[in-house]
Amino acid sequence: MKRRDFLIVGGAMGAVFGLGAGAVRATPAEVKEAILQLTGAAPVRAGRVTLDLPPLVENGNSVPLTIRVDSPMTVADHVKAVHVFVEKNPQPYVASFHLGPRAGRASVSTRIRLADSQTVVVVCEMSDGSFWSGSADSVVTLAACTESA
Amino acid sequence: MPSALINVPSSARRGEIIQVKTLISHEMETGYRRTSLGAVIPRDILRLFVCSYNGQEVFRAQIHPAIAANPYFAFHTIATESGTLVFTWTGDNGFAATESVSIKVE
């Protein structure tokens, strides 16, 4: 299954079983599946990736996240992409950042939504084809996506 | 027109690593929320953010509903030469926005 198909199926399931946001959740197995689609058969080693995520979050609607990857960022050895996954949001995907040797420093910051207390997993794709991962846990008091407009 | 905030140093030394910070106003409606009547609010998010430096792509982000409203990205690039950094955001419902910032490198 391609990633796009996965998203379409996921969306359709959400429409069918849509009993409020709480009913649709990604699972750790879905995160594994999403990472597997990304890496193929290549092994994912733990390390080189540091996440800066607050351990306790009051509002899951906007959670600051900084990702740093230990890499010299030269033409021969750099970070190609940084993929962010979460286990308990409606979708396992958060974002994919594509970098290159022009970045100079492998450090990206953004703000994400967390629908529950959960683990954020980052998988990093290096120019030599290896994959490295890091993760961080966060406890969320007020979840994102659950409130109605 | 959505408003975007961009923070890039106006001048830099050649070869210096500079930080680029961007923020754009956008609801990032997830498509998972409902109105008080139970109707699903359709998804309306940004999908792609690209930064190019004198025509060469230096940073790209593919994003999903789990990015917070008013998407913020901070990243780094090497100040190679004087020129322009162009930022584009594209999203659902034909959303497209472009901003550019010039930088002086000496």
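Here is a tour that goes from chain A to the place where it meets chain B.

Before you click, know that this is a predicted model, in which local features need pLDDT of at least 70, side-chain atom pairs count only at pLDDT 80 or more, and totals for chains, interfaces and linings use all residues. Residues are numbered from 1 along each chain as its sequence is written, while chains are lettered from A and ligands numbered from 1 in the order in which they are written.

Start by selecting chain A and colouring by pLDDT, the predictor's confidence in each residue, from 0 to 100. The chain averages 84, and 81% of its residues score at least 70. Now pick residues 12-23 of chain A, where pLDDT stays under 50.

Next, switch to cartoon. Chain A has 2 helices and 9 strands (DSSP runs: H or I of at least four residues for helices, E of at least two for strands, numbered from the N terminus).

Then show both chains. On the side of chain B that touches chain A, β6(B) gives the largest share, 7 residues.

Last stop: select β7 of chain A (residues 107-112), which pairs with β6(B) in the antiparallel sense over 2 bridges (pairing takes at least two DSSP bridges). Zoom in on A:Thr110, whose bridge partner in β6(B) is B:Phe73.

Notes
Contact = placed C-beta atoms within 7 Å.
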